[in-house]
Amino acid sequence: EYERMKISSTILWLFVIAIGLEMGAGLYETILVVPLWANGTPESVAAYYQLNTLNPEFALNAGPRFWMFFTPTVGLLAIATLLTGFRTSPEHRKWRIAGSIIAIFVIGITFAWFVPNIIRLTYDVPNMSPSEIADTAKWWVNLNWGRVVFGLAAWICTLQAFRIPQELPPPK
C-alpha cells in the first residue's frame, strides 16, 4: 500500500511540474509570440510565413522543437495521474481527477483542432485565401485563450490535490 501511494504521489508531482511548465510556455506564446503573427491578419500571417520561409534559422517555431514532445508527455502524465488517483482519499481524488480530466480534454482539442490549424497557418499560407487566413487566425487566437484558461484550471486543480492527503483513512 505504501509503495502504491509513493508511485501515485510521484506521478502527481511529475504531472504538476509538467503542466506548470506547459502553462508557462503557453502563456508566453499567447502573450508574446502569437501577437507577432496574429495582429493584422491576413497580412501579418503572410508576412510571418514569408519571414519564416526566408529565414528558417530565426523562425519562432516552437511546434516541432518543443510542443510535439512536451504536450504528449503532459497527456501521458495526465492519464497516469488519473489512473493512480482512484484509490486515494475522496477529497484528494476529486481534485486530482478533475485536473487530469481537464488536462486530457485540453490536449485532445489541441491535437484535434489547434495543431492542424496552426500547421495550416504556419506552412500552408500560399494555398489559403486572405479571408480563410483571417478567419482561421481569428478563431485560433480566440479559442486559444479558452484553452489557456482550461489548462490553468487543470493545473490549479492538481495543485489543490497537493493540499489534501491522498491516503485513505485507516479502517475502523
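Which residues does Ser 89 touch, not counting residues up to four places away in sequence? Ser 89 touches Ile 164, Pro 165, Gln 166, Glu 167 and Leu 168, where contact means heavy atoms within 4.5 Å. This report sets that residue in the context of the whole model.

## Basis of the model

This is a predicted model, in which local features need pLDDT of at least 70 and side-chain atom pairs count only at pLDDT 80 or more, while totals for chains, interfaces and linings use all residues. Residues are numbered from 1 along each chain as its sequence is written, and side-chain values use heavy atoms, with hydrogens and water left out.

The average pLDDT of the protein is 93, and 98% of the residues score at least 70; pLDDT is the predictor's confidence in each residue, from 0 to 100. Confidence is lowest in helix 2 (residues 43–54), with a mean of 90, and highest in helix 5, with 97.

## Overall architecture

The protein has five helices and zero strands, and its pattern along the sequence is α-α-α-α-α. Helices (H or I, at least four residues) and strands (E, at least two) are DSSP runs, numbered from the N terminus. Taken along the principal axes, the C-alpha atoms fill a box of roughly 70 × 30 × 25 Å.

Of the 172 residues, 39% count as buried. Buried means under 20% relative accessible area, exposed over 50%, and partly exposed in between, with a 1.4 Å probe and protein chains only. Among contacts with a separation of 6 or more, 78% are accounted for by residues 24 or more positions apart.

## Packing of helix 1 and helix 4

Two packed helices are described by the angle between their axes and the distance between the axes. Helix 1 (residues 2–38) packs against helix 4 at an angle of about 35 degrees, and their axes are 12 Å apart. Axes are lines fitted to C-alpha atoms, for helices over the stretch in contact, and angles run from 0 to 180 degrees between N-to-C directions. The crossing of these helices is left-handed, a term applied if the near helix is turned anticlockwise from the far one by less than a right angle, whereas clockwise is right-handed.

Helix 1 contributes Ser 8, Leu 12, Phe 15, Ile 19 and Trp 37 to the contact, and helix 4 contributes His 92, Arg 96, Gly 99, Ser 100, Ala 103, Ile 118 and Leu 121. These residues divide into seven nonpolar, four polar and one charged. In this division, Ala, Val, Leu, Ile, Met, Phe, Trp, Tyr, Cys and Pro count as nonpolar, Asp, Glu, Lys and Arg as charged, and the others, Gly among them, as polar.

## Salt bridges

The structure holds two salt bridges, a salt bridge being a side-chain nitrogen of Lys or Arg within 4 Å of a carboxyl oxygen of Asp or Glu. One joins the side chains of Glu 91 and Lys 94, at 3.3 Å from N to O. Because Glu 91 and Lys 94 are three residues apart in helix 4 (residues 90–123), about one helical turn separates them. Glu 91 is partly exposed, with a relative accessible area of 39%, and Lys 94 is partly exposed as well, with 46%.

The other salt bridge is formed by Glu 132 and Arg 120, whose closest N and O atoms are 2.4 Å apart. Glu 132 lies in helix 5 (residues 130–163) and Arg 120 in helix 4, so the pair ties together parts that are twelve residues apart in sequence. Glu 132 counts as partly exposed at 31% relative accessibility, and Arg 120 counts as partly exposed at 24%.

## Individual buried residues

Leu 12, in helix 1, is buried with a relative accessible area of 2%. Apart from neighbours within four places in sequence, Leu 12 is in contact with Thr 81, His 92, Arg 96, Thr 158, Ala 161 and Phe 162. Asn 117, found in helix 4, counts as buried at 11% relative accessibility. With neighbours within four places again left aside, Asn 117 is in contact with Thr 136 and Trp 140.

## The loop between helix 3 and helix 4

Ser 89 lies in the loop between helix 3 (62–83) and helix 4. Is Ser 89 buried or exposed? At 8% relative accessibility, Ser 89 counts as buried.

Phe 86 lies in the loop between helix 3 and helix 4 and counts as partly exposed at 45% relative accessibility. Phe 86 touches Arg 93 and Ile 97, not counting residues up to four places away in sequence. The C-alpha atoms of Phe 86 and Arg 96 are 9.0 Å apart in space, the residues being ten apart in sequence.
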